[in-house]
Amino acid sequence: IGRRVPISQGGEFVMASLPTIALEGTYLYVQPSGDFTYQDRLDFWRKVVKTCEEHQCFDILGESSRTKPLEAMQAYDIFKVFNKAGVTRKHRIAWVAHNPSDLEPMLFTETVLKNRTFSRVRAFSDVASAKHWLLNT
């Protein structure tokens, strides 16, 4: 799942990304697009969980390149989203926040999830570190 499509923005056509969920060897690569609503995040993570089950692959490398900073409430709500979507302790998630303003909220999210038994979630600022943790721990 995932492709780029042209959309009109202010009279000009630009390429907009749709969410990506793809098996990359021994892990699942995921990349949401845009600035998701709560329901969008829930739908996205349900698709991720379904794909994990289909491939029996529970290691997930995610990247975000949001256009707006992550709000504290969105960071906190991810626990509810994970629960409703079926993310469990068998899933291991390495998440890369490319937007520097998202790293601190992502680290907060990591702490919230660890405090609620999701200890296999880590936030990173670069793909290489995230992939190293995911594939070597």
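**Exercise 1.** In which helix does M73 lie?

*Solution.* M73 lies in helix α2, helices being DSSP runs of H or I with at least four residues, and strands runs of E with at least two, numbered from the N terminus. The model is predicted: local features need pLDDT of at least 70, side-chain atom pairs count only at pLDDT 80 or more, and totals for chains, interfaces and linings use all residues. Residues are numbered from 1 along each chain as its sequence is written, and side-chain values use heavy atoms, without hydrogens and water.

**Exercise 2.** Classify M73 as buried or exposed.

*Solution.* Buried means under 20% relative accessible area, exposed over 50%, and partly exposed in between (1.4 Å probe, protein chains only). M73 counts as exposed because its relative accessibility is 52%.

**Exercise 3.** Identify the buried residues of helix α4 and their arrangement.

*Solution.* First, in α4 (residues 127–136) the buried residues are A130, W133 and L134. Next, viewed down the axis of α4, they fall within an arc of 95° (taken from the directions from the helix axis to the C-beta atoms), so they line one face of the helix. The face turned away from this buried side carries the exposed residues A128, H132 and N136. Finally, the cover over the buried residues of α4, judged by contact (heavy atoms within 4.5 Å), includes β4, β5 (59–64), β6 and β7.

**Exercise 4.** Which residues does V48 touch, leaving out residues up to four places away in sequence?

*Solution.* V48 touches I21, L28, V30 and I60.
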